[in-house]
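These are my notebook entries on one structure.

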Amino acid sequence: MKKIFAANWKLHKTPNETRAFFAAFKEVAKQATGELVFFPSAISLEAASTSLKGSNIHFGAQNCYSQNHGAFTGENSANVAKEL
């Protein structure tokens, strides 16, 4: 059975805090025996994306709207998250 550790950050961590966390956490993650997945707030998705490039840590969006584009204030697009 595959082990998965997933963490939803809710509204915790700014983009700078996200970068700092992953800079330190990547060393620990090298020893992980399962899959590591983090779900930062939308504001920190790009910080997670750049911080985790080339690592064994994954990230995702906390919530995505059913439409890919349009006038949906405050919503997140799965296409945008995927591109990150």
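**Entry 1**

I began with serine 49, which is buried at a relative accessible area of 14%; buried means under 20% relative accessible area, exposed over 50% and partly exposed in between, with a 1.4 Å probe and protein chains only. The model is a predicted one, in which local features need pLDDT of at least 70 and side-chain atom pairs count only at pLDDT 80 or more, while totals for chains, interfaces and linings use all residues. Residues are numbered from 1 along each chain as its sequence is written, and side-chain values use heavy atoms, with hydrogens and water left out.

I placed serine 49 in helix 2. Helices (H or I, at least four residues) and strands (E, at least two) are DSSP runs, numbered from the N terminus. Leaving aside neighbours within four places in sequence, I found serine 49 in contact (heavy atoms within 4.5 Å) with Phe59 and Leu84.

I then checked helix 2 as a whole: six of its eight residues are buried, so that the helix is mostly covered. The buried residues are Leu45, Ala47, Ala48, Ser49, Ser51 and Leu52. They pack against helix 1 and strand 3 (57-59). Glycine 54 follows helix 2 and has a positive phi, near 80°.

**Entry 2: helix 1 against helix 2**

Which angle do helix 1 and helix 2 make where they pack? I noted about 25° between helix 1 (residues 15-29) and helix 2 (residues 45-52), with the axes 8 Å apart. Axes are lines fitted to C-alpha atoms, for helices over the stretch in contact, and angles run from 0 to 180 degrees between N-to-C directions. The two helices are therefore roughly parallel to each other, a term for angles under 35 degrees.

I listed the contact residues as Pro15, Thr18, Arg19, Phe22 and Lys26 of helix 1, and Ala47, Ala48, Ser51 and Leu52 of helix 2.

**Entry 3: the nonpolar core**

Which residues form the largest nonpolar core? I recorded 10 residues: Ala7, Trp9, Phe22, Phe25, Ala29, Leu36, Phe38, Ala48, Leu52 and Ile57. Such a core is a set of buried Ala, Val, Leu, Ile, Met, Phe, Trp, Tyr and Cys residues joined through side-chain atoms within 4.5 Å. Helix 1, strand 2 (35-39) and helix 2 each supply at least two residues of this core, and helix 1 gives the most, with three.

Lastly I looked up alanine 29, which touches Leu36, Asn56 and Ile57, not counting residues up to four places away in sequence.

Terms used. Angles under 35 degrees count as roughly parallel, over 145 as roughly antiparallel, 65 to 115 as roughly perpendicular and the rest as oblique.
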